[in-house]
Amino acid sequence: MPGWLSAGLAIQASYFVTAVLFIMGLKRMSSPVTARSGILWAGAGMAVATLVTFLYPGMSNYGLILPAMLVGGVLAWWSGKRVAMTDMPQMIALYNGMGGGAAAAIAAVELYRGETSGYVSGSLAVAGGIIGAVSFAGSAIAFAKLQGLITRSIRFAGQQILNLALLGATLVLGALVAAHLNAAAGVVTGFFVLSLVLGITMTLPIGGADMPVVISLYNALTGLAVGLEGFVLNNAAMIIAGTVVGSAGTLLTQLMAKAMNRSLGNVLFSGFGDTGGEASGTVTGSLKPIEAADVGVMMAFASKVIVVPGYGMAVAQAQHKIWELVQLLIDRGVNVRFAIHPVAGRMPGHMNVLLAEAGVPYDLISDLDEINAEFETADVALIIGANDVVNPVARTDKSSPIYGMPILNADKA
Amino acid sequence: MTGMVALYIFMLAAFTGYEVISRVPVILHTPLMSGSNFVHGIVLVGAMVALGNATTPLEKVIGFLGVLLAAGNAVGGYVVTERMLEMFKSSRQRGGTKGTH
C-alpha cells in the first residue's frame with residue numbers, strides 16, 4: 001500500500017529533521033549571541049514533529065486530540081505571557097511537571113491496555129511511568145512552594161524511612177505490572193498512585209533555597225521519562241530529544257548543586273539549615289550607617305564600582321533604577337561592573353535574565369571567577385538585596401550552613 | 001528498530017546532551033534549563049499517538065489528559081524561553097558599551 005508507506009517515510013524523515021533542529025537549537029542556546037535563534041530552531045522542530053504526527057497511520061480520536069491540544073496550549077500560552085520575570089523558576093517547574101505527567105499518561109495508556117510488546121517494553125514503560133509521575137507530583141510541590149502556596153517545609157522523624165518504604169512498594173508494584181503484561185487494572189492504578197505520593201513526600205521536606213536544584217533534577221528526570229516512553233512507542237524523535245535533555249539536565253543539576261555547595265544527596269535527604277543551629281560568632285568589621293546621598297557622592301567620585309545584585313533587588317523591581325544609576329555613573333567616566341554570584345536570584349543565571357530585562361548589556365556582567373580578584377582594586381562595592389553570596393562567614397565559620405560556598409569578595413573592596 | 005540500535009541511539013544522544021551543555025556560560029543556565037524543558041515537550045507527539053490509539057473510555061480520559069499536559073509543556077516552555085532570550089537580543093543590539101569580552 002503505497003500511501004501508507006509514504007506517510008511512514010514522511011514521518012521518519014520529519015522526526016529526523018526535528019532531532020537535528022533540537023540539537024542545533026540547544027547548541028545555539030549555549031551562546032548569548034545566537035541564543036535567541038536557538039529557541040526558534042527548536043520551535044520549528046517541534047512544529048514539524050507535531051504536524052507530521054497527524055499523518056500517523058491508524059490514528060483516531062482526532063475529536064479529542066485537537067481540543068486537548070487547544071486547551072493545554074492556550075492556557076500555557078496565556079500563563080507564560082503574563083508571568084513576571086522573577087517568577088520564571090516556578091513556571092519552568094510547572095511546565096516541566098506537565099511534561100512528566102504526559103509521559104506518565106502515555107505509560108498509563110500502554111499499561112492499562114496491557115499490549116506492550118514484551119517484557120523489555122513493559123519494563124521501560126513502567127520505568128518511564130514512575131519517573132514521569134514522580135516528576136509531575138514533585139514539580140507541582142516545587143511550584144506551590146516557590147509560589148508561596150506552601151510555606152512550611154514539612155519534616156518529621158522517620159520521614160526518609162517512609163520515603164524508602166514508598167519507593168520499595170512502588171518498585172514492587174512496578175515489577176508486578178512489568179512481569180504480568182495483563183496485570184489487573186487495580187495493580188496499575190496502585191502503581192501510579194504510589195508513584196505520585198512518592199513524588200510528593202520526596203519534595204515536601206526540601207526547603208525553598210534548594211528548589212532550583214530540585215527543579216533542574218526533575219527537568220532531567222522528565223527528559224529521561226520521555227526518552228523511555230519513546231522506546232515504548234518506537235518513536236525516534238522522543239528517544240533522542242528526551243535522552244539529550246536527560247543527560248544535559250543531569251549535568252546542569254550537578255553544576256547548580258556545586259555552585260550552591262550542596263551535594264545532590266544533601267538536597268534530597270536532609271532539610272536545609274539543619275546544621276546552622278548555632279550561628280553565633282562575633283561580627284568583625286564595622287557597619288557604618290550611610291546616607292543615600294553619601295553613597296551617591298562616593299560612587300560618583302570613585303573610579304571603579306562593582307555592583308552586587310541579589311534576589312532582594314529583583315523582588316523590589318529595583319533593577320531598572322540600578323541600571324539608570326549605572327548609566328549616570330558610566331557617563332561620568334566611572335568603570336562599573338556587575339558581579340553575579342552563580343546562585344544570585346533563584347537559580348544560576350536567573351539574575352542575568354533579570355538584569356537583561358532592565359537592559360543591562362551582558363558584557364558589563366561578570367561571574368564569580370572573573371571578578372573576585374577585581375574587588376581589591378575597586379573603590380566601592382554596592383550590594384543590593386544580597387546577603388549570603390557576600391557573607392565572609394562562608395570562608396571561616398564551619399558551623400554556618402553556607403560554609404565553603406564560594407562567595408564574592410565584596411568585603412575586600 | 002532493534003534493541004541494540006536503540007541502545008546505540010540512547011548512548012549517542014546522552015553524550016550529545018552532555019557535550020552541548022558543557023560549554024554553556026552561567027549567564028545562560030536558566031534560559032537553557034527552560035529551553036531543554038521546552039525540548040522534552042516533544043512528549044506531545046507520543047501523547048497524540050497514545051490518545052490516537054486509545055479505545056476504552058479510561059484510556060481516552062488518560063490520553064486526553066496526557067495530550068493536554070504535553071501541549072502545556074511545549075507551548076509554555078516555548079513562550080517563557082522565548083521571552084527570556086528576547087532580552088539577550090536587545091542587549092546585543094546595544095552592545096559594545098564598555099565590554100571586556
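Predicted model: local features only at pLDDT ≥ 70, side-chain atom pairs only at ≥ 80, totals over all residues.
Figure 1. Contacts join 106 residues of chain A to 84 residues of chain B. The size of an interface is often given as the accessible area lost when the parts come together. For chain A and chain B the buried area is about 8,600 Å², and carbon and sulfur atoms give 77% of this area. Between the two chains, 15 residue pairs are in polar contact, both residues being at pLDDT 80 or more.

**Figure 2. The side of chain A that touches chain B.** Elements of chain A that give two or more residues to this side are the helices α1 (2-28), α2 (35-53), α3 (62-82), α4 (88-113), α8 (211-233), α9 (236-259) and α14 (350-358), together with strand β3 (365-367). Helix α4(A) provides the largest share, 15 residues. By residue class, this side of chain A comprises 68 nonpolar, 28 polar and ten charged residues.

**Figure 3. The salt bridge between A:Arg36 and B:Glu82.** Over all chains the structure holds three salt bridges, and two salt bridges are found across the interface of chain A and chain B. In the pair shown here, the closest N and O atoms of A:Arg36 and B:Glu82 are 2.8 Å apart. The pair crosses between chains, with B:Glu82 placed in helix α4 (residues 57-94) of chain B and A:Arg36 in helix α2 of chain A. Both A:Arg36 and B:Glu82 are buried.

**Figure 4. The salt bridge between A:Arg113 and B:Glu59.** The side chains of A:Arg113 and B:Glu59 meet at an N to O distance of 3.5 Å. This pair joins two chains, because A:Arg113 belongs to helix α4 of chain A and B:Glu59 to helix α4 of chain B. A:Arg113 and B:Glu59 are both buried.

**Figure 5. The salt bridge between A:Arg113 and A:Glu110 within chain A, and the network around A:Arg113.** The side chains of A:Arg113 and A:Glu110 form a salt bridge with an N to O distance of 3.7 Å. These two residues stand three residues apart in helix α4 of chain A, so about one helical turn separates A:Arg113 from A:Glu110. A:Glu110 is buried, as is A:Arg113. Salt bridges link A:Glu110, A:Arg113 and B:Glu59 in a network.

Conventions:
Residues numbered from 1 in each chain as written. Chains lettered and ligands numbered in written order. Heavy atoms only, no water. Contact = heavy atoms within 4.5 Å. Buried area = accessible area lost by both parts, 1.4 Å probe. Salt bridge = Lys/Arg side-chain N within 4 Å of Asp/Glu carboxyl O. Polar contact = N/O pair within 3.5 Å; in protein donor to acceptor, adjacent residues only side chain to side chain. Helix = DSSP H or I, 4+ residues; strand = E, 2+ residues; numbered from the N terminus. Nonpolar A, V, L, I, M, F, W, Y, C, P; charged D, E, K, R; others polar. Buried < 20%, exposed > 50% of the residue type's maximum accessible area, 1.4 Å probe, protein only.
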